[in-house]
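Reader: I like to see the cut-off behind every label. Could you take me through this one, setting each value against its definition?

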Amino acid sequence: MSDKILLIDGHSILNRAFYGLPDLTNSEGRHTGAVYGFLNILFRILDEEKPKYLTVAFDLHEPTFRHKMYDAYKGTRKAMPEELREQVPLIKEVLTAMGIKIVSKPGFEADDLLGTLAVRSEKEGMDVTILSGDRDLLQLATEKVLIRLPKTSRGKTTIENFHTQEVIEKYQVTPPQIIELKALMGDSADNIPGIPGVGEKTATKMIVEFGSIENAYAHLEEVKPNKAKESLREHYDMAVLSKTLATINTDSPIDYSYEEAELKELYTPEAYQLCKQLEFKNLLSKFDTAVMPENPIEQNFFSCSDLSGVDALFKKASDKAYVGISLLADKENIYGLGIALEKEEIYYIPVEGLLTGDFLCASMKDLAKTTVLCALDIKQFLKHVPLEDETQVFDIGIGAYLLNPLKSTYTYDDIAKEYLDGVLLPAREDLLGKDSLKKAWESSADGLMAYSCYMAYTAFASRIPIENSLKDSGMWKVYREIELPLIFTLDSMEKYGICVKGEELKIYGKKLQVRIEELEKQIYEVAGEEFNINSPKQLGTILFEKMGLPGGRKTKTGYSTAADILEKLAAEHPIVKDILEYRQLAKLKSTYADSLASVIGPDGRIHSTFNQTITATGRISSTEPNLQNIPVRMELGRLIRKVFVPEEGYVFLDADYSQIELRVLAHMSGDETLIQAYREAQDIHRLTASQVFHVPFEEVTSLQRRNAKAVNFGIVYGISSFGLSQDLSITRKEAAEYIEKYFETYPKIKSFLDGLVAEGKEKGYVTTMFGRRRPIPELKSGNFMQRSFGERVAMNSPIQGTAADIIKIAMNRVYKRIQQEGLKSRLVLQVHDELLIETKKDELEIVSRILEEEMKGAAKLSVELEVDMHEGGNWYEAK
DNA sequence: TGCGTCACG
DNA sequence: ACGTACGTGACGCAG
């Protein structure tokens with residue numbers, strides 16, 4: 001087999017990647033999306049082609065010969081956006097680090113270099129592949145030269161491939177004739193003037209008929225249509241110029257050695273460093289551990305596996321003010337412990353023989369009496385080492401979250417990079433691969449010690465920088481008084497869990513199943529065939545193609561079959577109602593009945609995880625299972641709440657804030673009308689309607705009230721006339737009028753929201769009443785969509801976030817009061833504005849007083865925080 | 001794995 | 001002109 005060479009059009013692929021992918025930046029705000037996209041496509045092609053040689057060609061910035069000709073003629077060049085421009089040197093740097101040959105030459109475009117190398121290589125007897133985003137390159141296709149054009153449509157990349165034959169099939173002309181086409185049609189992007197009045201159709205006809213522009217002129221009288229003939233006649237010199245401009249030079253005088261272009265090891269240490277800095281996490285896994293640089297920190301790792309040594313170690317640790325801790329543990333087992341006493345003194349203790357997990361945990365409980373334990377995830381730590389005093393611990397993960405809540409994970413290597421002067425530590429995956437801790441342990445992976453020590457090191461070393469940053473940014477109080485105590489509150493909620501009746505859940509699931517099968521049958525019958533109703537794609541085909549229903553909104557992949565679309569179609573055909581019911585039941589069965597049943601523990605209770613470092617606004621989230629989205633709005637779904645029950649001798653007490661976000665808005669904006677409204681009104685939406693629509697309170701119609709309610713919601717979400725119009729099924733204009741009237745009624749709300757956006761733009765972040773920050777990089781975006789999103793976020797986050805702060809404060813206080821007063825009752829759930837307490841029957845009175853006092857008293861606002869409370873024998877009754 | 005959908009606040 | 005309400009998590013499908 002002959003050798004293969006891959007030639008890449010650097011700028012054009014970078015361009016493709018830039019425009020095809022969302023604007024990606026690393027945590028320093030450096031734009032990296034185009035480089036990332038480039039590398040992804042490079043690896044994909046390398047994988048497919050496995051070439052022996054590889055070369056990437058770039059234009060230089062100075063104008064080339066061909067451009068000069070036309071610039072002189074027309075004098076225009078297109079500008080490159082700054083976000084892309086700064087990535088050009090970056091991709092060159094990465095390619096160089098990977099040992100990839102780059103060519104460019106003053107006075108020559110990348111096209112010319114590619115053309116020259118393609119012709120030269122073909123002559124050498126090689127197979128040539130050219131990767132470009134530019135169709136001009138098609139003129140280079142031959143039997144041996146393959147042109148590959150990546151296309152990004154709907155987010156994914158497909159590649160079109162062209163040898164001579166494919167060019168002819170697609171364009172009806174041979175590759176060299178592509179030049180003629182292009183010269184006739186012109187190309188504004190490429191600054192080729194072309195012949196006025198000649199487009200793709202005419203050009204193709206002409207070349208198919210005459211073969212070349214010259215021949216067309218030779219038979220000018222035969223050229224049709226007349227318009228084109230006249231234009232050709234008039235613009236002869238334009239045709240000549242265009243052809244020159246469109247022709248890629250295949251004989252450029254470049255020095256080129258195949259030896260240098262030979263593909264070598266791409267995954268070099270230099271490339272690793274770069275990918276790490278750019279935060280290309282997916283790419284890092286491609287690197288072999290062998291290329292990872294030796295880290296000086298590692299020389300300070302010590303293994304400690306004898307009892308007396310460990311005793312001495314804990315003794316030494318107890319003299320420190322604080323230490324870094326990493327506990328290697330999962331739900332079942334403890335595998336080892338890392339302790340950092342100093343930056344240069346880190347120990348690893350594997351669980352082994354007399355050094356049991358229990359022993360280590362007991363030692364740490366002791367250690368906590370004298371020394372602050374710093375770790376990445378204190379809540380996980382508490383699962384094995386129960387502590388009660390928040391002053392005994394420091395959580396660097398939560399600190400890092402507060403400082404930037406937009407990250408999706410808070411891993412030690414990220415934190416080290418961020419807070420320890422950019423130090424690059426090997427990530428978990430570098431050390432342990434994708435294996436679970438258990439697996440790594442069983443195969444006694446030697447990465448365990450490094451993993452544990454790096455984590456302990458990071459916890460130790462970043463404590464001070466994180467603490468300082470929190471103080472500098474005004475978030476120390478949020479950390480110290482809200483988030484840190486909340487760790488203990490959430491830990492307790494997770495440990496208690498909530499009792500769920502598994503048997504009844506099964507019965508409920510079976511009932512659903514019966515009806516689901518009925519509906520299935522009915523739907524198949526009406527549709528005339530069996531299909532997967534759960535597949536939006538198949539469903540769309542049946543409804544909108546086979547049955548001919550009017551298809552509305554489109555999604556990326558086809559027709560939308562979302563509920564709001566189907567509801568509007570319900571009158572068109574009875575099948576739609578059945579589908580909606582089917583959907584509802586299928587959801588209830590799969591997400592609630594079945595999966596809830598599968599996570600009931602041996603104690604008969606569900607122990608959800610409450611995440612403290614997920615949301616951008618400061619809310620907590622709940623996973624495995626999510627107990628914050630148990631149905632309540634529809635009766636059938638709401639019934640599920642009957643299986644959530646308190647244990648014997650207890651009842652549920654459920655307390656929720658009434659319209660907390662609107663009250664927060666009233667307070668933060670200081671709008672007297674809204675504040676006054678809250679001081680007077682039972683029904684805020686009715687009152688809003690009466691004020692906005694200028695009708696007496698008693699005469700507000702239900703429609704007016706509904707509209708006012710939607711506007712109130714809209715305000716909290718960062719109002720837009722479009723969003724409101726969608727929600728209310730009214731025109732944008734009407735929605736805009738509602739909003740205008742609303743702002744007339746509550747003028748300070750308008751200036752408050754405007755102020756938030758202005759503040760966000762100026763500072764790059766917005767804050768809650770308590771100082772919690774949310775960065776909003778989107779506000780700086782040049783993209784209208786992104787920027788608008790940023791503006792809505794700027795309006796919403798302080799409100800949602802303040803409400804989140806308030807309920808967190810309330811949770812902590814309720815938790816502590818229950819503890820202090822020695823009660824048996826316990827907080828078991830939080831659902832954003834709602835707390836559920838499993839209450840000992842004889843403690844009902846005191847607990848309801850605690851709830852009321854602490855929830856209402858959690859924040860001092862200019863309007864009352866109102867709390868609704870209900871008790872019941874299950875969650876359904878208590879809500 | 002990403003998307004569409006839908007459950008909650 | 002752009003094309004959407006804010007914040008989440010889980011499921012099933014399709015590639």
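**Labels and the values behind them**

Author: In an unreviewed UniProt entry, the annotation "domain: DNA-directed DNA polymerase family A palm" covers residues 637–843. UniProt positions are given here in the numbering used for this structure, feature names are shortened, and annotations may be inferred rather than shown by experiment. This is a predicted model, in which local features need pLDDT of at least 70 and side-chain atom pairs count only at pLDDT 80 or more, while totals for chains, interfaces and linings use all residues. Residues are numbered from 1 along each chain as its sequence is written, chains are lettered from A and ligands numbered from 1 in the order written, and side-chain values use heavy atoms, without hydrogens or water.

Reader: What pLDDT does chain A average?

Author: The average is 90, and 95% of the residues score at least 70; pLDDT is the predictor's confidence in each residue, from 0 to 100. Over residues 67–78 the value is below 50, and this stretch has 24 contacts in the model beyond near neighbours in sequence. Contact means heavy atoms within 4.5 Å.

Reader: How many helices and strands does chain A have?

Author: There are 39 helices and 25 strands. Both are DSSP runs numbered from the N terminus: helices are H or I with at least four residues, strands are E with at least two. Over residues 637–843 the chain is 59% helix and 14% strand, with the end C-alpha atoms 31 Å apart. The C-alpha trace of chain A spans about 105 × 80 × 55 Å along its principal axes.

Reader: What makes Tyr 401 count as buried?

Author: Its relative accessible area is 1%. Buried means under 20%, exposed over 50%, and partly exposed in between (1.4 Å probe, protein chains only). Tyr 410, at 11%, is therefore buried as well. Tyr 742 has 0% and Phe 743 has 13%, so both are buried by that rule. Across the 879 residues of chain A, 53% count as buried.

Reader: How do you know that the charged end of Arg 686 sits over the ring of Phe 697?

Author: A charge sits over a ring if NZ of Lys or CZ of Arg is within 6 Å of the ring centre and within 35 degrees of the ring normal. For Arg 686, the distance to the centre of the Phe 697 ring is 5.8 Å. The charged end of Arg 638 sits over the ring of Tyr 876, 6.0 Å from its centre.

Reader: How do you know that the buried residues of H34 line one face of the helix?

Author: The residues concerned are Ser 721, Leu 724, Ser 725 and Leu 728, in helix H34 (residues 721–728). Seen down the axis they fall within an arc of 100°, so they line one face; the arc is that of the directions from the helix axis to the C-beta atoms. An α-helix has 3.6 residues a turn, so residues three or four places apart point the same way. Helix H33 (702–717) and helix H35 (732–745) are among what covers the buried residues of H34. Just after H34, Ser 729 takes a positive phi of about 50°.

Reader: Which residues of H31 are buried?

Author: In H31 (residues 672–680), Leu 674, Ile 675, Ala 677 and Tyr 678 are buried. Their arc is 155°, so they too line one face of the helix. Arg 679 and Glu 680 are exposed on the other side.
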